[in-house]
Amino acid sequence: MSSFRRRSLFVAASLLSSPFVARAPLAQTPPLPAAPAPGFYRFKVGSFTVTTVHDGFVARPLEGFVRNAPLAEVQGVLRDAFLPTDRMVIPYTVTFLDTGRDLIVFDSGNGVTPVGATIGRMIAHMQAAGIDPTKVTRVVMSHFHGDHVNGLLNAEGAAAFPNAEVIVPEAEIAWWGDATNETRSPEGQRATFANSARRLAPYAARLRRIGPDAEVIPGVRSVAAYGHTPGHTCYHIADGADQMMFVADTTNRPELLARRPEFHIIFDFDAVAAEATRRRIYDRVATDRIRVTGYHFPFPANGYLAKEGSGYRFVAADWSGAV
């Protein structure tokens, strides 16, 4: 036997006898679960606990989504963000706030949807997160578009949050609560008049109207953000030195509309006012380094906006801060 062969056998025997070499076969990667992991995420703002709850997504045609730029230009922005360029994929995420005294939900999600729909996941994800709708004390509305108010009702058509006060921006309910405004509204949004009236009806005795810069509860204030709708409103949350803002629909996907705040989209009631609002709100959160959650931001829909050129870049929050 050659000296090389003898050395090889010796090394092999030594390795097999070494306590540092595992003799068992390598563990196999566990199979993927039959369903996605629960779609919720928690973090702290001071002593407050914020939970974002995913409500699914929709995909819609990209053409016509932005009204004041050619399709190729819109596709270029999406391509740079590694997003599809043949459709607009819009996620939905609802923000909950537990102050220790109040359990608040900002907007109500899409509510009950047909089996197989890609939206309406909030109900199951609330359950996974341990959020009981009967324990919600306040539903704080940003505006009355269907994907924000439809979840006010359960499958039986009754109040989905039976013990909650519903807080609405005065400018929003003043517009959509007056049927004479229907002909002065974009045709695609006229269904909001009847739909919001039906969704708010079970809460009529527990409805509170607020103006801009109003205290919703201690630590939560309204921030006028008109344009997306006549009374669209954001909410600033603070506890001690910690703060965040729920920016609602100030933009749709930030990869597109924060990057290019001058884009005017099909869902904005007054696109010029919506653009001015985007710049004002995002200048504030970028300058003051305020954490944000957004209704159509990529899940878990929380992070920061950094000023970059003439637009803003969304920076997802560090996941190590989860609770």
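**Grounds for the descriptions**

A: Apart from neighbours within four places in sequence, T192 is in contact with F144, H145 and W176, where contact means heavy atoms within 4.5 Å. The model is a predicted one, in which local features need pLDDT of at least 70 and side-chain atom pairs count only at pLDDT 80 or more, while totals for chains, interfaces and linings use all residues. Residues are numbered from 1 along each chain as its sequence is written, and side-chain values use heavy atoms, with hydrogens and water left out.

Q: Why is T192 called buried?

A: Buried means under 20% relative accessible area, exposed over 50%, and partly exposed in between (1.4 Å probe, protein chains only). T192 has 8% relative accessibility and therefore counts as buried.

Q: Which element holds T192, and what covers the buried residues of that element?

A: T192 has its place in helix 6; helices (H or I, at least four residues) and strands (E, at least two) are DSSP runs, numbered from the N terminus. Helix 6 spans residues 191-200, and its buried residues are T192, F193, N195, S196, R199 and L200. Their cover includes helix 4 (146-149), strand 6, helix 5 and strand 7.

Q: What makes the approach of T192 to Q189 a polar contact?

A: A polar contact is a pair of N or O atoms within 3.5 Å; within protein, one must be able to donate a hydrogen and the other to accept it, and residues adjacent in sequence count only if both atoms are side-chain atoms. A polar atom of the T192 side chain lies 3.0 Å from the backbone oxygen of Q189.

Q: How do you know that E172 has no salt bridge?

A: A salt bridge is a side-chain nitrogen of Lys or Arg within 4 Å of a carboxyl oxygen of Asp or Glu. For charge, Lys and Arg count as positive and Asp and Glu as negative, with His and the chain ends not counted. E172 is buried, and the nearest side chain of opposite charge, R209, is 12 Å away.

Q: What does the side chain of E172 reach, and with which residues is E172 in contact?

A: E172, found in helix 5 (residues 170-176), reaches the backbone nitrogen of F144 with its side chain at 2.9 Å. Leaving aside neighbours within four places in sequence, E172 is in contact with H143, F144, T229, P230, G231 and H232.

Q: What makes strand 6 and strand 7 a pair?

A: Two strands pair if DSSP finds at least two bridges between them. Strand 6 (residues 165-169) and strand 7 are joined over four bridges, in the parallel sense. Within this pairing, I167 stands opposite R208 in strand 7.

Q: Why are strand 8 and strand 14 said to stand at the edges?

A: An open sheet of seven strands runs in the order 8-9-10-11-12-13-14, with mixed pairing. Strand 8 and strand 14 (311-316) each have a single partner strand, so one side of each is left without a neighbour in the sheet. On average, neighbouring strands of this sheet are turned by 35 degrees against each other, direction ignored. Axes are lines fitted to C-alpha atoms, for helices over the stretch in contact, and angles run from 0 to 180 degrees between N-to-C directions.

Q: How many bridges join strand 9 to its partners, strand 8 and strand 10?

A: Strand 8 (residues 215-217) pairs with strand 9 in the antiparallel sense over two bridges, and E215 stands opposite R221. Strand 9 and strand 10 (residues 233-239) also run antiparallel, joined by five bridges; S222 stands opposite Y235 in strand 10.

Q: What makes strand 9 mostly covered?

A: Four of the five residues of strand 9 (residues 220-224) are buried.

Q: Why does R284 count as partly exposed?

A: With 34% relative accessibility, R284 falls in the partly exposed class and therefore counts as such. R284 is found in helix 8 (residues 271-287). Not counting residues up to four places away in sequence, R284 touches V223, H236, M245 and I290. R284 and L305 are 21 residues apart in sequence and 9.6 Å apart in space, C-alpha to C-alpha.
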